[in-house]
Amino acid sequence: MGEVAPFSYEILLVDDHPLVRQGVKTIIARKAELAVVGELQDGLELLDCLNNRLPHLVILDISMPRLGGIEATRLIKSSHPEIKVLILTMHNRREYVALARLAGAEGYLLKDEVDKELLSAIETLRQGRIYLSPLLAG
């Protein structure tokens, strides 16, 4: 255990709350083909990490110190458009969804739904589709 499968789907988690990262990591661990390959606290750490490792997916919060999720998404997509971005946030207003989509995020999941929807959101993005939290989709 602890080894990354050679054909796994690599994910970076970016959130300034360690407890959130741990919870997300626990859910992701339910799927053998998914691998969390890094945990970071903000967008600046993420951009630095991307110089050394390019994951398939980045899961990040909007509200973080130094560099938030919307701007980090914009910067990721400008240099690495192949990386999928899933915003994981408490912000449930449509303006935030619109800003995230304009920045290039393929998915938007509310933290209130992470336990029920995270794996579905990841699979949707893996299939090349857009994911929107059910609480916002209505």
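Modeller: Helices (H or I, at least four residues) and strands (E, at least two) are DSSP runs, numbered from the N terminus. The model discussed here is predicted.

Colleague: Where does Lys31 lie?

Modeller: Helix α1 covers residues 18–28, and strand β2 covers residues 34–40. Lys31 falls in the loop between α1 and β2.

Colleague: Does Lys31 count as buried, partly exposed or exposed, and what is its relative accessibility?

Modeller: A residue is buried under 20% relative accessible area and exposed over 50%, with partly exposed in between. Lys31 therefore counts as partly exposed, because its relative accessibility is 37%.

Colleague: In which order do the elements of the protein run?

Modeller: The protein has six helices and six strands. From the N terminus on, the order is β-α-β-α-β-α-β-α-β-α-β-α.

Colleague: What radius of gyration does the protein have?

Modeller: The C-alpha atoms fill a box of roughly 40 × 30 × 30 Å along the principal axes. A compact globule of 138 residues would have a radius of gyration near 14 Å, and the protein agrees with this, at 14 Å.

Colleague: What percentage of the residues count as buried?

Modeller: The protein exposes about 7,300 Å², of which carbon and sulfur atoms supply 54%. Of its 138 residues, the share that counts as buried is 47%.

Colleague: How far apart do the centres of the positive and negative side chains lie?

Modeller: There are 16 positive and 19 negative side chains in the protein. The centres of these two sets are separated by 4 Å.

Colleague: Which residues of β1 are buried on each side?

Modeller: Strand β1 spans residues 9–14, and six of its six residues are buried. In a regular strand the side chains alternate between the two faces of the sheet. In β1 both faces are covered, with Tyr9, Ile11 and Leu13 on one side and, on the other, Glu10, Leu12 and Val14.

Colleague: Which residue in β2 does Leu12 stand opposite?

Modeller: Strands β1 and β2 pair in the parallel sense over six bridges. Within β2, the residue opposite Leu12 is Gly38.

Colleague: Why does Glu10 count as buried?

Modeller: Glu10 lies in strand β1. Beyond its neighbours within four places in sequence, Glu10 is in contact with Ala35, Val37, Arg53, Leu54, Pro55, His56 and Leu57. Glu10 counts as buried because its relative accessibility is 17%.

Colleague: Which residues does Ser8 touch, not counting those up to four places away in sequence?

Modeller: Ser8 lies in the segment before β1. At 7% relative accessibility, Ser8 counts as buried. With residues up to four places away left out, Ser8 touches Glu33, Ala35 and His56.

Colleague: Which residue in β5 does Leu88 stand opposite?

Modeller: Strand β4, residues 84–89, pairs with β5 in the parallel sense over four bridges. Both faces of β5 are covered, with Gly107 and Leu109 buried on one side and Tyr108 and Leu110 on the other. The residue in β5 that stands opposite Leu88 is Leu109.

Note on methods. Residues numbered from 1 in each chain as written. Predicted model: local features only at pLDDT ≥ 70, side-chain atom pairs only at ≥ 80, totals over all residues. Heavy atoms only, no water. Rg over C-alpha atoms; globule rule 2.2 N^0.38 Å. Buried < 20%, exposed > 50% of the residue type's maximum accessible area, 1.4 Å probe, protein only. Areas by Shrake-Rupley, 256 points an atom, 1.4 Å probe, with all protein chains shown as cover. Lys, Arg positive; Asp, Glu negative; His and termini not counted. Charge placed at Lys NZ, Arg CZ, Asp CG, Glu CD. Pairing = 2+ DSSP bridges. Contact = heavy atoms within 4.5 Å.
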